[in-house]
Amino acid sequence: MHLVDSIAYFTIIDYVIFALLLVASMAIGLYYAFTGGRQRTTQEFMYADRSMKCLPLSLSLMATFQSAVAIIGTPAEVYANGTQYWFIGCSYILGLLIPAHIFIPLFYRLHLTSVYQYLELRFCKAVRICGTVTFIFQMVIYMGVGIYTPALALNAVTGFHLWGAVLATGLVCTLYTALGGLKAVVWTDVFQTVVMFTGQLAVIIVGVHQAGGLSDAWVKVRDGGRISGIDLNPDPTVRHTFWTLGVGGVFLMLSLYGVNQAQVQRYLSSRTEKEAVMSCYMVFPCLQVALMLSCLMGLVMYACYGNNSPLEQQYITSKDQMVLYFVMDMLQNFPGLPGLFVACLFSASLSTISSAFNSLATVTMVSTFSAGFHFWMNSSFKEPPFITFIFKNVVFRFKAALSIFGMVGGPLLGLFCLGIFFPCANSIGAVIGLAAGLVMSFWVGIGGFLSRMPSSVQVLPLNSTNTVPAASGNITGPAVIDAASRPVGLNGLYSLSYMWYSALNSSTVVLIGLVISFMTGKKHGPEELLIVLYTYTEERNQKTQLDSQKPSNSSART
């Protein structure tokens, strides 16, 4: 067991490996900037000419929300509280089957450019604008957390310059996203996924060796109570139980893989609807592998340190630094491996930020140049160069507000569910329902944050899921000790497990939206709604057929 009180700085080899990650990512962006269609059209830039295959798309779908926060936070959670968090993998089943069979067919057959176009078709332009603004707010927040958290932890543990890491990540990510479009984003995601898995696997193998071998490591984590059974406690204020993870997690997955522009944009870049659905299926094993590696890292950390937490020993000041401290501590005698893991960490950050940039650029461009944009997207003519230039530079506009706080994925999910599953819902109900969901989200989230007692990562002597500190990036209420001390009233609401936030907020949107719709009168009945969507689909299909015939006619004349 190590536990050193001095910072182990990077070696030259570590810096070289980290630099190679950035150079390789840039190279992929430059390759797609100067090959193929050279990103001359918005169709190629945003949707890769709808030519992507399911395997790279599935890896990109996984990498988009496999952020550096998850790589840092999940092992720290498992180290402190055991493997209960692993049961979130159960939510992946419904969380991917529902998008594959409901959301993807709907969005793909409508040939949407932005997923928020559906809201205008279903309700009105005002609802679309509200949804777009909410999404932009969500992704700006996510970008801030995704890029700043790993840089801060890296700075504290390795001495790597904080703003140097932030600027390097942001600059490289912005350049290859702006130059190479969606093709560059997807293929860098594939490359970065390989780096992520390689880095985590290397740390696990070396950590097991340092712990005395596989059998010794297993005995240590078993005797330390870190192998959790299924906790069927129905109390929604307990952070991690089977119900909060396996059921509450479904709503979280739907908000990410069902209606998020970053993911839907990948589905729509598939060659066929079947391949889009297949890419969603293939995300399941990818996510399970990512979850397994993160949880195994937490167990290996416990096998090496036991109850002597680096945080309790005051070698670090935050739970966010635990994983990097472990890497620098255990791998200091293996030159290059710390650099490999940091490359793994920043691969996750790059994939998250690039996906956010690309999706933000898409929804912003579609909303800003709505009328003209649809003409260019539906014609065979190339748009004027200044439009492509403006579009590519949209990705540079979203790097200012990195510290804005909020939770908006649930309300957006509720808004789409209101439109898809309830034909009686109208525009007034949609707008008021979304507003109510956002109010509920901020009320519960901020209230829970303010009422939460300051806590640190505490190593539990027994296998328990009732007294649990917050994992990195998770907003939680106060810890629940027993029935006698269980919070009631508003405190009970503030203590709701963060895994239920998406379910609570989306349900609020649907319920309030339906009530307001019944009070103000419905906009469409089921038949009228089907006619609207069918007419739009037919118009898009006819334009697509005409466009596909134009090149052949011109070549025949030639």
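**Overall architecture and local features of the predicted model**

The protein contains 22 helices and zero strands. The mean pLDDT of the protein is 77, with 76% of its residues at 70 or more. Two stretches call for some care in reading. Over residues 455–484 the pLDDT stays under 50, although the model has 92 contacts beyond four places in sequence for this stretch. Over residues 552–558 the pLDDT also stays under 50, and here the model has zero contacts beyond four places in sequence.

Turning to the fold as a whole, 58% of the 558 residues are buried. Among contacts between residues at least 6 apart in sequence, 86% join residues at least 24 apart. The accessible surface of the protein comes to about 21,900 Å², and carbon and sulfur atoms account for 68% of that area.

The largest of them has 137 residues, and Phe-107, Tyr-257 and Phe-341 are the residues with the most contacts inside it. Helix H13, spanning residues 273–305, gives this core its largest share, 18 residues. Apart from this core lies another, of six residues, including Ala-48, Met-52, Leu-57 and Val-185. The surroundings of Tyr-257 can be followed residue by residue. Leaving aside neighbours within four places in sequence, Tyr-257 is in contact with Leu-61, Met-62, Gly-95, Leu-96 and Pro-99, and also with Gln-263, Tyr-267, Val-283 and Leu-287.

At 1.5 Å a residue, the 22 residues of H1 (residues 12–33) should span 32 Å, and the end C-alpha atoms are 31 Å apart, which agrees. The buried residues of H1 are Asp-14, Phe-18, Leu-21, Leu-22, Ser-25, Met-26, Ile-28, Gly-29, Tyr-32 and Ala-33. Seen down the helix axis, these buried residues fall within an arc of 160°, so they line one face of H1.

Leu-179 and Tyr-32 are 147 residues apart in sequence, yet their C-alpha atoms are 7.6 Å apart in space. Leu-179 belongs to helix H8 (residues 162–210) and is partly exposed, with a relative accessible area of 33%.

A second pairing involves Val-444, which lies in helix H19 (residues 427–451). With a relative accessibility of 1%, Val-444 counts as buried. Val-444 and Tyr-501 are separated by 57 residues in sequence and by 8.3 Å in space, C-alpha to C-alpha. Beyond neighbours within four places in sequence, the contacts of Val-444 are Leu-493, Tyr-494, Tyr-501 and Leu-504.

Finally, one backbone angle deserves a remark. Most residues other than glycine have a negative phi. His-111, which is not a glycine, has a positive phi of about 55°. This residue is found in the loop between helix H5 (91–109) and helix H6 (117–122).

How values were computed. Residues numbered from 1 in each chain as written. Predicted model: local features only at pLDDT ≥ 70, side-chain atom pairs only at ≥ 80, totals over all residues. Heavy atoms only, no water. Helix = DSSP H or I, 4+ residues; strand = E, 2+ residues; numbered from the N terminus. Buried < 20%, exposed > 50% of the residue type's maximum accessible area, 1.4 Å probe, protein only. Contact = heavy atoms within 4.5 Å. Areas by Shrake-Rupley, 256 points an atom, 1.4 Å probe, with all protein chains shown as cover. pLDDT = per-residue confidence, 0-100. Core = buried A, V, L, I, M, F, W, Y, C linked by side-chain atoms within 4.5 Å. Expected span 1.5 Å × (residues − 1). Arc of directions from axis to C-beta.
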